[in-house]
Amino acid sequence: YIVSDCDSVGVLYNTQHYTRTPEEAAADAIKAGLDLDCGPFLAIHTEGAVRGGLLREEDVNLALAYTITVQMRLGMFDGEPSAQPFGNLGPRDVCTPAHQQLALQAAHQGIVLLKNSARTLPLSTLRHHTVAVIGPNSDVTVTMIGNYAGVACGYTTPLQGISRYAKTIHQAGCFGVACNGNQLIGAAEVAARQADATVLVMGLDQSIEAEFIDRAGLLLPGRQQELVSRVAKASRGPVVLVLMCGGPVDVSFAKNDPRIGAILWVGYPGQAGGAAIADVLFGRANPGKLPMTWYPQDYVSRLPMTDMRMRAARGYPGRTYRFYKGPVVFPFGHGMSYTTFAHTLSKAPNQFSVPIATSLYAFKNTTISSNAIRVAHTNCNDAMSLGLHVDIKNTGDMAGTHTLLVFAKPPAGNWSPNKQLIGFKKVHVTAGALQSVRLDIHVCKHLSVVDKFGIRRIPMGEHSLHIGDLKHSISLQANLEGIKF
């Protein structure tokens, strides 16, 4: 069944003014295919829509049937719930060892190493006996699960996680992430002078970024930057900045500070976040890749939040890695590893003939003129899928999970100027070993672009594939067989 986001049908009428009456909004939503409303709007106004002739009773019955069918499949009409397969589920079914291990694994995979000068990380239990753990997010619990989350089975904070590897000295450094004062920075500096290494856990929380709470800028809030810089200057050992936040932050100051050896982004890592952070810090887990572009602070002033255009234009920088042309703090897909990987193409097509499934008239008027074929004018079946085989060798001295990203860039022309992610694979490779992966590149899905008129086309010519540190070209030509001139 199809269900709405909460209150969205009400928003359709009350905020967006899509209809003149609430009954019209209820009728339009149900006739468009909505079966269940998250919220009271349909319950209040659907009967009026039927009585007013805006909606047939049969439309309501169909929506009800879809909803009740799923309830039947769940056994909700089979008698006493406790006698049914799902009738006795409780916390013990959620907090199983397997589920808690999955929470830890998910947190491992979400951590990204943004900077690692002179192999600051991983830390060593042999050299770093005492670690200063500093920052407003250094000993948090609920912050780690973000929002729209259930009740955690239990929390491992960053401080607790690091304490499993080394003796810790803890200082908050700030009163919360707002960090409005610097009264606690002096004590944090003292802690950093006493430790073999310093880990600063900074960032944001739901008081800064959440639904209905938009950030006004991309910098760390309050005096956080001052705390980081002063502690880094005072630290006796290597300094690691850990950023706990959902959105990107402009930490150019830390990226360019030679005293800050490493930067980790951990997102909101969940109930096992502290354990995962510690595992990555001490090399028990290998970090991954960045799923977003990190922009500099001035991006905010250059891009009105009321302008939703993607492509760059005069005075407008564009949005996302596909169209943005300006400088970045860290690019989409960036992420360092504790080991090194070499890529080799073992099998890759060099050219492909795109079949035409249309008339000569349509071909002349929609294809030749743009040096591209409309996706609607070819057969987008399995024969349009190209197999790409890549050998990944771990050339370093430790095992690691590697995320292979595959980008495509269309031929020169009036298309997207930047490369576009078309696939990825995550593989675990032990030191010195080799893993082979296959990636299926579908010509219609992955090598097509949408033009300025909203038409999806497959450009003819040389498409460039970026596979890790490799580049490979595939030449696409139109197959005119069957077209009668």
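Q: In this predicted model, where is A118 placed?
A: A118 sits in the loop between strand 1 and strand 2.

Q: Is A118 buried or exposed?
A: The cut-off for exposed is over 50% relative accessible area. A118 has 79%, so A118 counts as exposed.

Q: Which peptide bond is cis, and what is its omega?
A: The bond that joins L121 and P122 is cis, with omega about 5 degrees. P122 belongs to the loop between strand 1 (112-116) and strand 2 (130-134). A118 has its place in the loop between strand 1 and strand 2 as well.

Q: What is phi of F212, and where is F212 found?
A: Phi of F212 is near 75 degrees, again a positive value in a residue other than glycine. The loop that holds F212 runs between strand 4 (197-203) and helix 9 (224-234). With a relative accessible area of 81%, F212 is exposed.

Q: Where does T157 lie, and is T157 buried or exposed?
A: T157 lies in the loop between strand 2 and helix 7 (158-163). Buried means under 20% relative accessible area. T157 has a relative accessible area of 3% and is therefore buried.

Q: Which residues does T157 touch, and which side chain makes a polar contact with T157?
A: Not counting residues up to four places away in sequence, T157 touches S138, D139, V140, T141, M144 and G274. The side chain of D139 makes the polar contact with that of T157, at 2.8 Å.

Q: In which element does H343 lie, and is H343 buried or exposed?
A: H343 is part of strand 7 (residues 341-347). Its relative accessibility is 12%, so H343 counts as buried.

Q: Which side chains make polar contacts with the side chain of H343?
A: One is the side chain of H402, at 3.0 Å. Another is the side chain of D469, at 2.9 Å.

Q: Which residues does H343 touch, leaving out those up to four places away in sequence?
A: H343 touches V390, D391, I392, H402, L404, I467, G468, D469 and L470.

Q: Which side chains of strand 8 point to which face?
A: In strand 8 (residues 351-355) the side chains alternate.

Q: How do strands pair in a sheet, and which strand is joined to strand 8?
A: Strands of a sheet pair through backbone hydrogen bonds, in either a parallel or an antiparallel sense. Here strand 8 is joined to strand 17 (residues 470-479) by 5 bridges, and the two run parallel. Within strand 17, A478 is the bridge partner of V354.

Q: In what order do the strands of the open sheet of 3 strands stand?
A: The order is 9-15-14, and the pairing is antiparallel. Strand 9 (372-374) and strand 14 (449-450) are the edge strands, since each pairs on one side only. Strand 9 pairs with strand 15 (residues 456-459) over 3 bridges. A372 stands opposite P459 in strand 15.

Q: How many helices and strands are there in the protein, and what does its C-alpha trace span?
A: The protein has 15 helices and 17 strands. Its C-alpha trace spans about 80 × 60 × 50 Å along the principal axes.

Q: What do the totals for burial, contacts and surface say?
A: Of the 485 residues, 46% count as buried. Among contacts with a separation of 6 or more, 73% come from residues 24 or more positions apart. The accessible surface is about 24500 Å², and 54% of that surface belongs to carbon and sulfur atoms.

Definitions and conventions. Residues are numbered from 1 along each chain as its sequence is written. This is a predicted model: local features need pLDDT of at least 70, side-chain atom pairs count only at pLDDT 80 or more; totals for chains, interfaces and linings use all residues. Side-chain values use heavy atoms; hydrogens and water are left out. Helices (H or I, at least four residues) and strands (E, at least two) are DSSP runs, numbered from the N terminus. Buried means under 20% relative accessible area, exposed over 50%, partly exposed in between (1.4 Å probe, protein chains only). Contact means heavy atoms within 4.5 Å. Accessible areas come from the Shrake-Rupley method with a 1.4 Å probe; for residues, only the protein chains shown count as cover. A polar contact is a pair of N or O atoms within 3.5 Å; within protein, one must be able to donate a hydrogen and the other to accept it, and residues adjacent in sequence count only if both atoms are side-chain atoms.
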